Amino acid sequence: MDKVFNHKLVEKNRYEKWVQSKVFETHNNTKRPFTIILPPPNVTGILHIGHALDTYIQDTIIRYKKIQGYDTLFLPAKDHAGIATQSKVEKLLQEQGISKHSLGREKFIEEVWKWKDKHSHLIDEQWKQLGLALDYSKERFTLDEKANKAVLKVFVSLYNKGLIYRGKKPIYWDPIQKTALSNIEVINESKNQKMYYIKYPFKDNEHEYLEIATTRIETLFSDVAVAINPNDSRYLQHLNKTLIHPLTKKLIPIISDEYIDISFGTGIMKVSAHAIDDINIIEKNGLEINECINEEGLLNELAREFKGLDRINAREKIAKKLDLEGYLIKSEDIVSNVGISERSGAIVEILVRSQWFLKMEEMSKMLLDNLESENAVEFIPSRFKDVIKSWMEKTYDWTISRQLWWGHRIPAYYKGNSTIVSLEHPGEGWIQDPDVLDTWFSSGLSPFVFLGWPEKTTDFKRYYPTQLLVTGYDIIFFWVARMYFMGLEFNQKIPFEQVLLHGLVRDSQGRKLSKSLGNGIDPIEVIDKYGSDVLRISLLFNLTAGQDIHYSEQKLESSKLFVNKFWNIARYIKSLEIDNQKDKKNDAYDSWILDKLKQFEENLTISMNKYDFSISYKYIQKFLINEFSNWYLEFLKFKPNSQLVHKIFKKVLILMHPFLPFTTDYLYEIMYDENILDLKDVEINYPLRKNLKTPKIIEIITELRKYRETKNISKSKILFYSTSYQQLTKNDKLIIEKLANFKYKENSDTLIQASTFIINILLDQETKDLEINRLEKLILENEKDIEFATNMLKNPKFIAKAKAEKVKEIKEKLTVFEAKHLSYTEEIKKLKNN
């Protein structure tokens with residue numbers, strides 16, 4: 001074995017070996033199943049460090065469950081990622097001077113499939129370097145033929161139940177992607193903006209006006225009313241009066257609605273066509289919806305001379321016109337929230353459009369009822385149960401249609417005013433809806449569709465519901481909730497038994513990792529430098545469920561040191577030739593380490609069943625580094641038992657395999673010429689009784705080392721000790737001598753009180769003189785303390801004024817000081833007499 005761990009040597013051809021052996025594609029129906037479906041990464045590019053964390057968690061759990069004897073299935077999948085993928089391909093074609101419209105729908109989709117195949121292969125390569133225990137024979141894609149049939153069947157079923165409908169409603173619109181969005185795809189971000197205060201003159205007296213504050217000055221052209229709160233006494237006298245619009249000069253009414261926030265701006269709101277709440281007020285009052293912004297985010301003909309301007313860029317010019325005409329009172333800089341498209345980063349627009357919606361009331365109730373039942377999904381950490389509950393209690397109907405070509409095309413057909421929703425084309429003259437379904441719609445079906453639904457396949461019957469979903473807390477609403485209610489709707493069962501939620505990977509300063517900040521991390525580059533196992537444990541051993549994790553080079557270096565330590569342990573054990581003597585009996589040291597091994601395995605099982613990786617690491621450190629390496633392997637140098645140490649290490653390699661899969665597989669192969677994933681049981685006879693002797697020897701060695709260190713005595717100087725512990729054998733004394741450089745010699749010099757016995761250390765004259773000098777200095781300090789406490793207690797003024805507790809405290813201190821004085825004095829007497 002090389003002296004230093006070399007990850008390139010260890011990882012070479014190892015993944016190919018796993019794949020070729022089909023070890024993760026081989027299943028045993030006699031065993032209890034444990035299934036994880038890999039959250040499908042978007043087929044849009046390179047996996048980032050968050051993907052590495054997410055997949056390492058799942059892979060480590062799968063491998064541990066395999067060791068525990070489960071029939072494990074780690075099902076790989078990839079997501080077609082509608083908006084993201086289509087925009088990538090459109091951009092690529094634009095660089096070649098080709099538009100999707102010139103290609104046409106079918107040819108464009110062919111180009112997307114080509115792009116998908118290329119990037120799908122890149123993800124395969126990254127999975128390989130991460131070392132994931134995937135069953136590639138069951139790999140799925142959210143837009144594969146079987147998935148497409150299942151998704152369309154779900155759509156038709158929900159439509160026939162009245163849960164999916166087409167309606168004309170205000171929706172969030174992405175002007176870059178030119179598609180509708182659902183409310184959870186819109187992120188609120190704080191932006192610097194201007195608040196404009198504008199005059200709206202009264203029709204009957206143009207010298208009087210209402211002052212209205214708005215940030216969205218570009219929407220003035222769609223105003224149809226001005227609204228006040230019916231509880232706002234400042235403006236009630238103006239209710240039902242008429243105003244002259246400052247730009248269009250149209251007459252608009254003053255209406256009332258309780259939605260109006262009295263404390264915002266001037267407490268009066270202009271009612272326009274580009275805000276959901278405004279549109280609700282318009283519809284309640286039977287007013288007209290007049291949009292002045294188009295689907296590209298440009299002002300339309302209603303904006304008159306401003307037609308064609310970008311809605312945001314137009315603000316300054318509109319404000320200038322209002323100012324020139326005497327309608328702009330003032331403007332001020334403010335910070336307020338703006339809706340941003342999660343996909344494109346564009347400021348979203350509110351437009352009224354015909355879209356397909358999923359009614360959420362029934363879905364929400366179904367999920368919430370299950371959440372409070374005995375059969376509920378378990379959320380880890382448990383606080384996320386309340387998070388998903390609070391969100392599901394205030395849902396809106398889900399906009400499920402997207403104005404894209406890449407995705408599951410909606411199975412709705414139109415002829416004149418007639419609509420048919422069907423899995424089959426209705427025939428001549430019927431035109432299919434051009435829109436596709438939201439990516440999260442198909443992703444929400446993955447737990448059962450990926451297992452063969454709607455067919456009652458063998459996999460579906462055996463592996464549904466899955467045991468665990470692992471994902472980031474940031475998509476609990478996007479994905480987890482949708483899978484939850486879809487599973488209940490179509491299978492009357494939860495889709496997974498547990499959800500383990502992890503946080504985001506941040507840099508050492510707590511910032512989100514991103515290219516724009518220059519702190520983005522490519523996991524493949526890290527693996528190339530450190531190795532996959534080092535990256536794996538640097539993330540997992542610092543992980544707490546539900547909390548963000550801080551990535552740093554320091555953690556990588558620390559993990560590298562750990563793997564090197566593990567490597568050196570293996571090197572030493574490999575150098576020990578196995579003694580096949582059958583009647584070799586275990587001594588106290590062997591019994592002790594076997595007991596510690598048993599405890600380690602039990603503790604590791606408990607922590608891994610809780611998915612607590614940081615606690616698992618503490619158990620690994622305690623056993624592997626402290627008990628096994630620092631103690632037992634040192635004992636072994638003076639009491640050989642190579643047969644046992646190899647058995648123990650084989651067991652250790654198996655237990656450590658989920659955390660260091662490449663390294664343990666390599667070591668098992670070169671040390672024992674066996675395949676670790678065959679998981680052959682290592683026969684170990686654990687002791688029936690707890691060993692009490694070895695902990696005493698460890699305590700003696702520890703106390704002797706501590707004494708040498710505190711006295712600053714050279715490690716090369718031989719010292720002498722004796723102890724009241726009577727069970728030390730000749731070999732025990734040899735081990736103590738070799739590990740502490742103390743020889744056994746009866747004496748009654750310096751006394752150390754251990755747990756249940758005493759240790760005496762023989763002092764030479766020079767050491768005695770130094771010790772006497774040290775004790776005499778302590779006595780001088782001690783006498784000052786005694787004098788001070790005695791004088792306090794003799795002082796009548798102190799006794800009269802001090803609280804009883806204070807007097808009691810001084811008396812107790814005096815007792816301690818006097819006891820110390822007696823101890824120091826007796827110790828000096830002993831040293832002088834010996």
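Alanine 81 sits in the loop that runs between strand S3 (77-78) and helix H4 (82-95). In this predicted model, the phi of alanine 81 is near 50 degrees, a positive value in a residue other than glycine. Most residues other than glycine have a negative phi, and most peptide bonds are trans. Alanine 81 has a relative accessible area of 1% and is therefore buried, the cut-off being under 20%. The points below start with backbone features of this kind and then move on to sheets, helices and single residues.

**Backbone geometry worth a look**

- Lysine 22 also has a positive phi, near 55 degrees, and is a residue other than glycine.
- The loop between helix H2 (14-21) and S1 is where lysine 22 lies.
- With 46% relative accessibility, lysine 22 counts as partly exposed, because that class lies between the 20% limit for buried and the 50% limit for exposed.
- Tryptophan 453 and proline 454 are joined by a cis peptide bond, with omega at about 15 degrees.
- Proline 454 belongs to the loop between helix H13 (446-449) and helix H14 (458-463).
- Another cis peptide bond links tyrosine 464 to proline 465, and its omega is about 0 degrees.
- Proline 465 is found in the loop between H14 and S22.

**From S22 to S23**

- S22 runs parallel to strand S23 (residues 496-502), and 6 bridges join the two.
- Within this pair, threonine 471 stands opposite leucine 501 of S23.
- Together with helix H15 (residues 476-491), S22 and S23 make a β-α-β unit that is right-handed.

**Threonine 35 in S1**

- Threonine 35 is placed in strand S1 (residues 33-37).
- Its relative accessible area is 0%, so threonine 35 is buried.
- Leaving aside residues up to four places away in sequence, threonine 35 touches Leu73, Tyr463, Thr466, Gln467 and Leu468.

- Four strands, in the order S10-S11-S9-S12, make up an open sheet with mixed pairing.
- Strand S10 (242-244) and strand S12 (268-271) stand at the edges with a single partner strand each, so one side of each has no neighbour in the sheet.
- On average, and with direction ignored, neighbouring strands of this sheet are turned by 30 degrees against each other.
- The pairing of S10 with strand S11 (residues 251-256) is antiparallel and extends over 3 bridges.
- Leucine 243 has isoleucine 252 of S11 as its bridge partner.
- Helix H8 (residues 276-284) lies across S11 and S12, and runs at about 75 degrees to S12.

**The sheet S6-S5-S14-S16**

- Here 4 strands form an open sheet in the order S6-S5-S14-S16, and the pairing is antiparallel.
- Strand S6 (179-181) and strand S16 (398-399) are the edge strands, each pairing on one side only.
- Strand S5 (residues 164-174) is joined to S6 in the antiparallel sense over 3 bridges.
- Aspartate 174 has threonine 179 of S6 as its bridge partner.

**Helix H18 against helix H22**

- The axes of helix H18 (residues 553-574) and helix H22 (residues 661-672) come within 11 Å and cross at roughly 10 degrees.
- H18 is therefore roughly parallel to H22, because angles under 35 degrees count as such.
- On the H18 side, the contact is made by Val563, Phe566, Trp567, Ala570, Ile573 and Lys574.
- H22 contributes Thr663, Thr664, Tyr666, Leu667, Ile670, Met671 and Tyr672.
- Sorted by class, the contact of H18 with H22 has 10 nonpolar, 2 polar and 1 charged residues.

**Glutamate 316 in H9**

- Helix H9 (residues 314-324) is the place of glutamate 316.
- Is glutamate 316 buried or exposed? Glutamate 316 is exposed, because its relative accessible area is 67% and the exposed class begins over 50%.
- Glutamate 316 and isoleucine 217 are 99 residues apart in sequence, while their C-alpha atoms are 8.9 Å apart in space.

Methods
Residues numbered from 1 in each chain as written. Predicted model: local features only at pLDDT ≥ 70, side-chain atom pairs only at ≥ 80, totals over all residues. Heavy atoms only, no water. Pairing = 2+ DSSP bridges. Right-handed = clockwise from strand over helix to strand, strands pointing away. Buried < 20%, exposed > 50% of the residue type's maximum accessible area, 1.4 Å probe, protein only. Axes fitted to C-alpha atoms, helices over the stretch in contact; angles between N-to-C directions. Parallel < 35°, antiparallel > 145°, perpendicular 65-115°, else oblique. Contact = heavy atoms within 4.5 Å. Nonpolar A, V, L, I, M, F, W, Y, C, P; charged D, E, K, R; others polar.
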